[in-house]
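Try each task before reading its solution.

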Amino acid sequence: DEVPRETTKRALIDARLGQGKFRDDLIQLWGDDCAVTGCSVVEILRASHVKPLRQSTNKERLDPQNGLLLVAQLDALFDAGLISFDDSGSMLVSK
């Protein structure tokens with residue numbers, strides 16, 4: 001089930017720019033809302049990968065189940081490892 005390298009590269013570039021199928025799939029999955037705040041201003045929502053890209057398979061990189069739709073500030077905190085989420089979805093905040 002490997003995605004062709006060029007297709008994966010383009011999809012990942014699009015996802016990182018806040019575009020593409022991964023983001024669209026997350027918007028559909030989360031109902032146009034931030035997974036934490038419920039904010040529905042789609043223009044400020046970011047597609048975040050739960051499992052880091054460098055540790056993900058090609059399939060996981062494009063799988064919306066490996067993603068969260070977050071407002072930009074929470075996306076930045078999540079990417080920096082300053083917040084995370086437990087298995088029940090509760091936010092974990094770094095000291």
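Helices (H or I, at least four residues) and strands (E, at least two) are DSSP runs, numbered from the N terminus. This is a predicted model: local features need pLDDT of at least 70, side-chain atom pairs count only at pLDDT 80 or more, and totals for chains, interfaces and linings use all residues. Residues are numbered from 1 along each chain as its sequence is written, and side-chain values use heavy atoms, with hydrogens and water left out.

**Exercise 1.** Find the secondary structure of the protein and its pattern along the sequence.

Solution. Count the elements: there are 4 helices and 4 strands. Then read along the sequence: the pattern is α-α-β-α-β-α-β-β.

**Exercise 2.** Find the residues that touch the most other members of the largest nonpolar core.

Solution. Start with the terms. A nonpolar core is a set of buried (under 20% relative accessible area, 1.4 Å probe, protein chains only) Ala, Val, Leu, Ile, Met, Phe, Trp, Tyr and Cys residues joined through side-chain atoms within 4.5 Å. The largest one has 14 residues, and Cys34, Leu70, Val71 and Leu74 touch the most other members. Next, find the elements that give two or more residues: α2 (20-29), β1 (45-49), β2 (67-71) and α4 (72-79). β2 gives the most, with 4 residues.

Note on methods:
Buried means under 20% relative accessible area, exposed over 50%, partly exposed in between (1.4 Å probe, protein chains only).
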